[in-house]
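Visitor: I would like to go through this model with you. Please set each value against its rule.
Guide: Gladly. Here it is.

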Amino acid sequence: MSKLTLGQVVYTFLVDHLQVAKGLRSSSIASYRDGLRLFLRFVATDLGVRITALPLTALTTERVLRFLRSLEEARHNHIRTRNQRLAMLRTFFGYLGGRVPELLPVAEQVARIPVKRVAPPDTHYLDRKEIESLFAGLPSDTPTAARDRTLLLFLYNTGARIQEAADLRVGHLALDCQPWVRLHGKGDKWRTCPLWKETAEHLLRLVEHPQRVAPPDEPVFRSARGMALTPLRPLQDCPAPCLTLRCCSRGEGTAGDPTRLSAHAAVHLLERASRST
């Protein structure tokens, strides 16, 4: 067996392989890291040792299968999450087999673990009347409310992912006679999207400062403390009325009863609405 330790393999996988060789973004590397942490904690518990004492031989196909089963049964994760963790483990064990040839048979067995089939999610969208109703009910009498209104309008205009909105900086905007925005998306790719006049006006009011010029690296959508909004909960402070819609036309509620949407669901509905209009 190779003299490499498990810690060395994990470190070189995250730093040398994912970051340097493959050039993944920090958010993608963090996803691999979190998945590996869950798996290694499971293996350590299963073996009854500290995680720092885990040998490479503890990484077996049987433990991978039990780990995947525990995600659904103990952690109650969705099948899509289970499949995402399996994809991470396939990549890790493929790298492990290349560094430690003795574990190549295990890597081959992990690569053959099938992905579970799952029904595609229902596709919902907001029609134009629902969009108009949503924006008509948005307050704008406070700085936070004005920010939330601008954020929702920006998502509707561009169809941007919430991560792209959270990463948006003042230097990515051009708000002159022909406004546009540069969005940094998945795969470290940039794209340019035109902005409506109304969106540009709201963004201009959001980034303008009476006492100074906003630097190019300043976040566009900021918290009350002036920090960039996090991609996990960017609509945390969004007022409740803007997330309450009548969705019974799509079977999401009984006739006449409003359906309360989560912030996450509202963002995705806005993205789909922007692509359908």
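Visitor: What is the strand order of the open sheet, and is the pairing parallel or antiparallel?
Guide: The open sheet has three strands in the order 1-2-3, with antiparallel pairing. Strands are DSSP runs of E of at least two residues, helices are runs of H or I of at least four, and both are numbered from the N terminus. A word on the source: this is a predicted model, where local features need pLDDT of at least 70, side-chain atom pairs count only at pLDDT 80 or more, and totals for chains, interfaces and linings use all residues. Residues are numbered from 1 along each chain as its sequence is written, and side-chain values use heavy atoms, with hydrogens and water left out.

Visitor: What makes strand 1 and strand 3 edge strands?
Guide: Strand 1 (173–174) and strand 3 (190–194) each pair on one side only. Two strands pair if DSSP finds at least two bridges between them. Strand 2 (residues 180–184) and strand 3 have five bridges, in the antiparallel sense. Leu 183, for one, has Arg 191 in strand 3 as its bridge partner.

Visitor: How do you know that Arg 182 lies over the face of Trp 190?
Guide: Arg 182 is 4.4 Å from the ring centre of Trp 190. The rule asks for NZ of Lys or CZ of Arg within 6 Å of the ring centre and within 35 degrees of the ring normal. Arg 182 counts as lying over the face.

Visitor: How many disulfides are there?
Guide: The count is zero. A disulfide needs a pair of cysteine sulfur atoms within 2.5 Å.

Visitor: Why is Cys 177 called exposed, and why is Cys 193 called buried?
Guide: Buried means under 20% relative accessible area, exposed over 50%, and partly exposed in between (1.4 Å probe, protein chains only). Cys 177 has 75%, so it is exposed. Cys 193 has 12%, so it is buried.

Visitor: How do you know that the length of helix 2 agrees with its number of residues?
Guide: The expected span is 1.5 Å times one less than the number of residues. Helix 2 (residues 26–47) has 22 residues, so it should span 32 Å; its end C-alpha atoms are 31 Å apart, which agrees. Gly 48 follows helix 2, with a positive phi near 75 degrees.

Visitor: What covers the buried residues of helix 2?
Guide: The cover includes helix 1 (6–21), helix 3 (61–73) and helix 4 (79–99). Contact here means heavy atoms within 4.5 Å. Among the buried residues of helix 2 are Ile 29, Tyr 32, Leu 36 and Phe 39.

Visitor: How many aromatic pairs are there?
Guide: The count is ten. Rings of Phe, Tyr and Trp (its six-membered ring) pair if their centres lie within 6.5 Å; planes under 30 degrees apart count as stacked, over 60 as edge-to-face and the rest as tilted.

Visitor: Why is the pair of Phe 13 and Tyr 95 called tilted?
Guide: The ring centres of Phe 13 and Tyr 95 are 5.5 Å apart and the planes stand at 50 degrees, so the pair is tilted. Phe 13 is in helix 1 and Tyr 95 in helix 4, 82 residues apart. Phe 13 is buried at 0%, and Tyr 95 at 14%.

Visitor: Why is the pair of Phe 39 and Phe 67 called edge-to-face?
Guide: For Phe 39 and Phe 67 the centres are 5.3 Å apart and the planes are at 75 degrees, so the pair is edge-to-face. Phe 39 lies in helix 2 and Phe 67 in helix 3.
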